[in-house]
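Student: I'm new to this one and a bit lost. Could you pick a single part, go through it closely, and then show me what else is worth a look?

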Amino acid sequence: VIDAGQPEHSVVTTCAYCGVGCSFKAEMKGDQLVRMVPYKGGDANHGHSCVKGRFAFGYATHKDRIKEPMIREATNAPWEVVSWDEAIAFAANKLKDTQAKYGRESIGGITSSRCTNEETYLVQKLIRAAFGNNNTDTCARVCHSPTGYGLKTTIGESAGTQTFDSVIKADTIVVIGANPTDAHPVFASQMRRRLREGATLIVIDPRRIDLLSTPHGGKGLHLPLRPGTNVAMVNALAHVVVTEGLEDTAFIESRCEPRQYNEWREFIAGERNSPEAMEAVTGVSAQLVREAARAYAEAGNGAIYYGLGVTEHSQGSTMVMGIANLAMATGNIGREGVGVNPLRGQNNVQGSCDMGSFPHELPGYQHVGDPAVRARFEDVWGVTIDDEPGLRIPNMFDAAIAGSFKAMYVQGEDIAQSDPNTQHVEAALSALDCLIVQDIFLNETAKFAHVLLPGATFLEKNGTFTNAERRINRVRKVMAPVAGLEDWEVTMALSNALGYPMDYRHPSEIMDEIARLTPTFTGVSYEKLDRLGSIQWPCNEAHPDGTPTMHTLDFPIGKGRFAVTEYVASEEKTNRKFPLLLTTGRILSQYNVGAQTRRTENSQWHHEDVLEIHPSDAELRGVHEGDWLGVSSRVGQTVLRARISERMLPGVVYTTFHHPGSGANVITTDSSDWATNCPEYKVTAVQVEKVTQP
Ligand code: SF4
């Protein structure tokens, strides 16, 4: 609270932190934000909030905000403050010169899950229409891209199937690789309520997460598997379902493709997938796995919620398909209280994926290789769209180091801190002739930039975010942008300077264009959003007010497609030199790379990243609470303070990545998911040794 006085007016908007998408009333006195009050009419939060959304908004007026555009010819030169016109012209000339010298494919851009749908749509349009290639990717590449691949392949749509409220009808709640009390606190409260009422909880995670401490009426099972063995675990669970006659045969016969099902069933019933055979791989007792499989399959309603502990693996996409297999085999899809629900980390991960940020997909997950799709976009955009998928983020880095990729526009992302193997990322950024960074702070990536364009916070713009339950919420401008322009206006100016005209007067016009081109959004408009409060897509002729529960009668691909999910061990293995496995995650008071929350009072609760280590591993190394530890992997080393924790499995250590100095991503490797290149943040072999204070 900045001022306890009475506000003069308020504006309803959406929290810009996590994928729950809570609505708030921003209470104002003149142009000063007095406080954020959770909005009772919010469809995702019903008047609840967490410590981030309610209190961590002070970053918007922090002294570190970039207030003026800046340029420089070389990254070792001082910044020169210039006007917007000069900065845009400088950036456009650099991009044109680069393409003239190195070709059309030599430039690209990265969109952010923190930005609005309209901003994200516009950046990918800029790249496709003005740059003339498909070198557009989103930061969802490094978090939920396997959700896109895995769910699209099996159930036909890259999105969670339920509303958050639907958890109140779940009898068994399965949480895989997620920590809702820290990362999705308001939804975690709904889960807790249901657990207190008697639902069974199954947690599949190497750490003992807080949710397990919730007093609950039903059973609570923790399957503490070794990092990197998710697919072995989901196969073992499915094996029990199939071999103990726990399948929902009516659902399978009516809703699923028989050929794929038969193939999958033969595979999964094989003895090598049994809990007993997998026990040595996962480290979890076969008896516990059998108990969990029965609790899920025999529940009236079994709902699965998963997070980055599923996706950020070399088999991330395989695991997502394994989860969908399990839900289809037990008929736990297509009604309230069940489903497959990815918990999106950032506020607009769902939206940034929906808006065509991927190098192979236009908005609405429409493939660039489809001539009919391209024709529709070409008709509205007035350009020819490249039919070849462009570069993914890791490919951009590789191409930059190889010398064929020379310029990049990054909106709202700190890739130098958030992406794995920092040394590799920094080498790529250093090799660029032109890096344009648009952000609210001088972040780690900006150190390599030639153009710095001030970004606007969520309080300074109009637009929409789409939360983890496909709910499109309005973001409403509360105060003027500190640098005068909203992000979509900057993208538009850059496009005009490059010679591709854009002329929107308000983000509502961008949404109208999105609705025209995206089959799942055809019924979405600002007028309807204002009238209904929020809309869950698909929203179209068949579902004019949106779709709370998906797949009730059929799947977008007709019938569900089981996929064979063979377990393949991670290439990242422990040995004598690197005997422990490091896994990473988040903490309640901080958000992602911490650029925002570190500049608020939330930092008092978490001012440094630490290394959680099991007492037995600590004792072996003579480590005490608070000791400094050198943590080294095959790619790098860092220093973190020790926190001895019974929550850890012996042999597994854990840290967060909220502070740039801690260097979690200096040690994570660039191993990645076989289908999407999502980095394997969750499995890094490390050595831990006591060191003197750094
Ligand atoms: Fe914001 Fe998420 Fe907290 Fe809601 S739960 S207030 S969306 S950070």
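Tutor: Let's begin with what pairing means: two strands pair if DSSP finds at least two bridges between them. Strands themselves are DSSP runs of E with at least two residues, helices are runs of H or I with at least four, and both are numbered from the N terminus. What you're looking at is a predicted model, in which local features need pLDDT of at least 70 and side-chain atom pairs count only at pLDDT 80 or more, while totals for chains, interfaces and linings use all residues. Residue numbers start from 1 along each chain as its sequence is written.

The part I'd pick is strand 9. On one flank, strand 8 (residues 172–176) pairs with strand 9 in the parallel sense, over five bridges. Here Thr172 sits opposite Thr200 of strand 9. Strand 9 is also joined to strand 10 (residues 220–223), again parallel, by four bridges. In that pairing, Ile204 faces Leu223 of strand 10.

How enclosed is strand 9? We call a residue buried if 20 or more other C-beta atoms, placed from the backbone, lie within 10 Å of its own, exposed if 12 or fewer do, and partly exposed in between. Five of the five residues of strand 9 (residues 200–204) are buried, so the strand is largely enclosed by the rest of the structure. Side chains in a regular strand alternate between the two faces of the sheet. Strand 9 has both faces covered: Thr200, Ile202 and Ile204 are buried on one side, and Leu201 and Val203 on the other.

Now for a helix. Helix 2 (residues 84–102) has 19 residues, and its first and last C-alpha atoms are 27 Å apart. That is close to the expected 27 Å, where the expected span is 1.5 Å times one less than the number of residues. An α-helix has 3.6 residues a turn, so residues three or four places apart point the same way. The buried residues in helix 2 are Ala87, Ile88, Phe90, Ala91, Ala92, Lys94 and Leu95. They pack against several elements, including strand 6 (107–111), strand 15 (407–411) and helix 19 (487–498). Just after helix 2 comes Gly103, with a positive phi of about 100 degrees.

Helix 3 (residues 117–131) holds Ile127. Ile127 counts as buried because 28 C-beta neighbours lie inside 10 Å. Two residues are in contact if their C-beta atoms, placed from the backbone, lie within 7 Å. Leaving aside neighbours within four places in sequence, Ile127 touches Gly108, Gly109, Asn133, Asn135 and Thr136. Ile127 and Ile110 are 17 residues apart along the chain, with 9.5 Å between their C-alpha atoms.

Zooming out, the domain assignment gives domain 1 (9–61), domain 2 (70–143 + 347–536), domain 3 (145–342) and domain 4 (580–690); such bounds come from an automatic or database assignment. The centres of domain 1 and domain 2, taken over C-alpha atoms, are 26 Å apart.

Most residues other than glycine have a negative phi, and most peptide bonds are trans. His46, in the loop between strand 3 (32–38) and helix 1, has a positive phi of about 50 degrees. His46 is partly exposed because 16 other C-beta atoms lie within 10 Å. Tyr365 has a positive phi as well, near 60 degrees, and sits in the loop between strand 13 (361–362) and strand 14 (366–367). With 21 C-beta neighbours inside 10 Å, Tyr365 counts as buried. The peptide bond from Trp537 to Pro538 is cis, with omega near 0 degrees, and Pro538 belongs to the loop between strand 20 (534–536) and strand 21 (580–585).
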